[in-house]
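Let us walk through this protein together. Keep the picture open as you read.

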Amino acid sequence: MTDTKMRPIRQTIPLEQALTLAEGAAVPLDRTERIDLDASVGRVLAAGVVADRDAPPFDRGAMDGYAVRSRDIDTTGHPETTLKVVGSIAAGQLPENVVTEGTAVRIMTGAPVPDGADAIVPFEETDEVERRTSGRDLSNIAIRVAPMKGVHVRPAGQDIHRGQ
């Protein structure tokens, strides 16, 4: 049989007082040691960790689509702008092509944005699906929406900046 009596609630103390008590009870460690990361579970760092570089170190695509120069695409007065596709970049690959006037590079989410590009146009805003289903050549792509500079581009250092 269990005891069903309610226990009295202890009086609470202000946060500042609790922090002072906890800090007063803390005992500084007098020694440090280097150990492998996998042996560090349950351990305490002797010093802060500071990033020695930006992460990621490059601008990366936030969508699957095409890396373009936003200034090349003007759908005002006409439904689309056609660009020559000069390459493709998967996540984990480095760009081999530069985006120049009138060109685009097919890009996957997380891949580095190639030099020259300042925006990513998602596949859904192109005619890629129609080209694929009709068996048409994918060496060109029609862009249907004019992107703003920086759209769908995650900048270098977005996760953490050098020195943080």
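H152 sits in the loop between β6 (140-143) and β7 (153-154). This model is predicted. Most residues other than glycine have a negative phi. How much of H152 can be reached? H152 is partly exposed, with a relative accessible area of 28%.

P56 lies between α1 (15-25) and β1 (60-61). Look at the peptide bond from A55 to P56. That bond is cis, with omega near -5°. Most peptide bonds are trans.

Next come the strands. Start with β2, residues 65-68, and find its partners. β2 runs antiparallel to β4, residues 103-107, and three bridges join the two. To see the pairing, find Y66: its bridge partner in β4 is R106. β2 also pairs with β5, residues 119-122, again in the antiparallel sense, over four bridges. Here A67 has I120 of β5 as its bridge partner. In a regular strand the side chains alternate between the two faces of the sheet.

Move on to β3, residues 81-89. Four bridges join β3 to β6, and these strands run antiparallel. T82 is bridged to A142 in β6. Which way does β3 pair with β4, parallel or antiparallel? The sense is parallel, over four bridges. Look at I89 to find this pairing: its bridge partner in β4 is I107.

Now trace the links once more. β4 pairs with β3 and is also joined to β2. β2 in turn pairs with β5, while β3 is joined to β6.

Terms used: Residues numbered from 1 in each chain as written. Predicted model: local features only at pLDDT ≥ 70, side-chain atom pairs only at ≥ 80, totals over all residues. Heavy atoms only, no water. Buried < 20%, exposed > 50% of the residue type's maximum accessible area, 1.4 Å probe, protein only. Pairing = 2+ DSSP bridges.
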